[in-house]
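Subject: Structure for you to look at, with notes

Dear colleague,

I am passing on the structure that follows, together with some notes on what was found in it. Please read them with the model open beside you.

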Amino acid sequence: MTEKAKIIVDGKSYELPVVIGTEGEKGIDITNLRKETSYVTLDNGFGNTAACTSAITFLDGEKGILRYRGIPIEQLAEQSTFVETSYCLIFGRLPTRSQLGEFTKSFSRQYDLHRDMLNFFAGYPPAGHPMGLLSSMVCSLSGYYPELLKPEPTPDEIKQIAVQLLAKVNTISAYTYKKSIGQKFTAPRKDLDYIPNFLHMMFSRPGREYKIEEEVLSALRTLLILHADHEQNCSTSTVRLVGSSWANMFASISAGVCALWGPLHGGANQKVVEMLEEIHRDGGNIQKYITKAKNPDEKYRLMGFGHRVYKNFDPRATIIKRRAHELFDKMGIVDPLLDIAVKLEEAVLKDDYFAERKLYPNVDFYSGVIYKAIGIPTPMFPVMFAIGRMPGWIAHWKEMREDAESRIGRPRQIYTGETQHDFVPIDEREEAGIKK
Ligand code: ACO
């Protein structure tokens, strides 16, 4: 028998269908609620609202489970590559050897930017935040591929856009960094894989080829895989909402980059390192910052702690913490910020305020110290997140557009403004001393 939920509104009872996911998650389907009852639901921050059904990523915040297309994140982080994981997220299953080879090769043909695009970099202030430039460049790609902007692209056209985005974000991000430090761009190398090519464009200079260390490669691979998708987070929901109006994938993902930029989301990795640096400069007094975060009058948060969904631990944070220690040990790096991070985490985990609110380190807590060790400057951290999240955004845009049931996203509201009153011309308002 199919499960139903019952709701009583104005004394009248209504039955609502219950949707059950493949992992047993249950949702009350309120699609017809307004039609039948004239009521809407109110859910601040969408904490209880499933905006769609999705077959891409499963996460259980209580148990700390994260799986892409059914595969545990721990296995992907250990055994897969970023390109292979991207394929799996976008196309629904792990690729065969020949599919992977073809997918990898298709990137190498698309790394170069159109020469006119280079003018965008010239016009952007060197000190401007890299996320502003990234978002603009991603959106402007739409101008260079008008043939891919049909309202209903074919599967092959969607694949072409996906490849363009994955390849171009690699180059755009590295050039954004070069622009910020006033260095000449280093052209992509088609013989290199995805991450080595990125490191090459970031750190090679004329006459000095960057030597790629295995540890760096491996740490970056892990970070990008861990960031690759996270179901209906703020930026992915933004991509889906924008795309639901049939806006093209470049435009939709550009909006996702902007949503990611915020310090409560992907911008947190930058803020974590800035916070650790501040604590370090301030003599390492961790307790002072914990006290500040607990004081409701301060409006201060410990960056890198807390998560809307994870309430026991973030499995990505566990993997990243281990990776950070491995990288530092193998490369003999000594960074006081890592020590402060470890001590801060220990102190927070013992503190009742954080325990009661189930606040644990999230994915952004240790990622920044790894980026810093690799030599990536702080403002570029959210850009690194965006490179990692690209396959997830693409997969969600694709899933939504391929879903025959998908509708334009258009939430309701409960209006709390003034009730009707008449317009009063300005002369009469002044005469009567009316303020509004
Ligand atoms: N430091 C101190 N207190 C916190 C923190 C924090 N980092 N996070 C939440 N709290 C407190 C809140 O003040 C609130 O306390 P109260 O109940 O006494 O009012 C309680 O915990 C619940 O917090 P909410 O803001 O309601 O939780 P929400 O689920 O809306 O927010 C978020 C989640 C945005 C991640 C939040 O924990 C936060 O701001 N963290 C810091 C920023 C951060 O690290 N963001 C990255 C998240 S991961 C990602 O997006 C990739």
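What covers the buried residues of helix 8? Before the answer, a word on the basis: this is a predicted model, in which local features need pLDDT of at least 70 and side-chain atom pairs count only at pLDDT 80 or more, while totals for chains, interfaces and linings use all residues. Residues are numbered from 1 along each chain as its sequence is written, and side-chain values use heavy atoms, with hydrogens and water left out.

The cover of helix 8 includes helix 3 (82-91), helix 4 (97-108), helix 7 (155-180), helix 9 (214-227), helix 17 and helix 18 (381-402); helices (H or I, at least four residues) and strands (E, at least two) are DSSP runs, numbered from the N terminus. Helix 8 itself spans residues 194-203, and ten of its ten residues are buried, where buried means under 20% relative accessible area, exposed over 50% and partly exposed in between, with a 1.4 Å probe and protein chains only. Among these buried residues are Tyr-194, Pro-196, Asn-197, His-200 and Phe-203.

Helix 13 (residues 286-294) has Ile-286, Tyr-289, Ile-290 and Ala-293 as its buried residues. They lie on the same side of helix 13, because they cover an arc of only 100° around the axis, the arc being that of the directions from the helix axis to the C-beta atoms. These residues pack against helix 12 (268-281), helix 15 (336-350) and helix 16, contact here meaning heavy atoms within 4.5 Å.

Turning to the ligand, 21 residues surround it, and the closest are Arg-301, Leu-302, Gly-304, Phe-305 and Arg-308; a residue is counted as near if one of its heavy atoms lies within 4 Å. The shell divides into twelve nonpolar, five polar and four charged residues, with Ala, Val, Leu, Ile, Met, Phe, Trp, Tyr, Cys and Pro counted as nonpolar, Asp, Glu, Lys and Arg as charged, and the others, Gly among them, as polar. Taken alone the ligand exposes 930 Å², of which the protein buries 72%, the areas coming from the Shrake-Rupley method with a 1.4 Å probe. Helix 16 (352-356) and helix 17 (363-374) are the elements that give two or more residues to this shell.

Some individual residues also deserve a look. Arg-67, in strand 5 (residues 65-68), has its side chain joined to that of Glu-23 by a polar contact of 2.7 Å, that is, a pair of N or O atoms within 3.5 Å in which, within protein, one must be able to donate a hydrogen and the other to accept it, and residues adjacent in sequence count only if both atoms are side-chain atoms.

Two residues other than glycine have a positive phi: Asp-10, near 50°, and Lys-358, near 55°.

With best wishes
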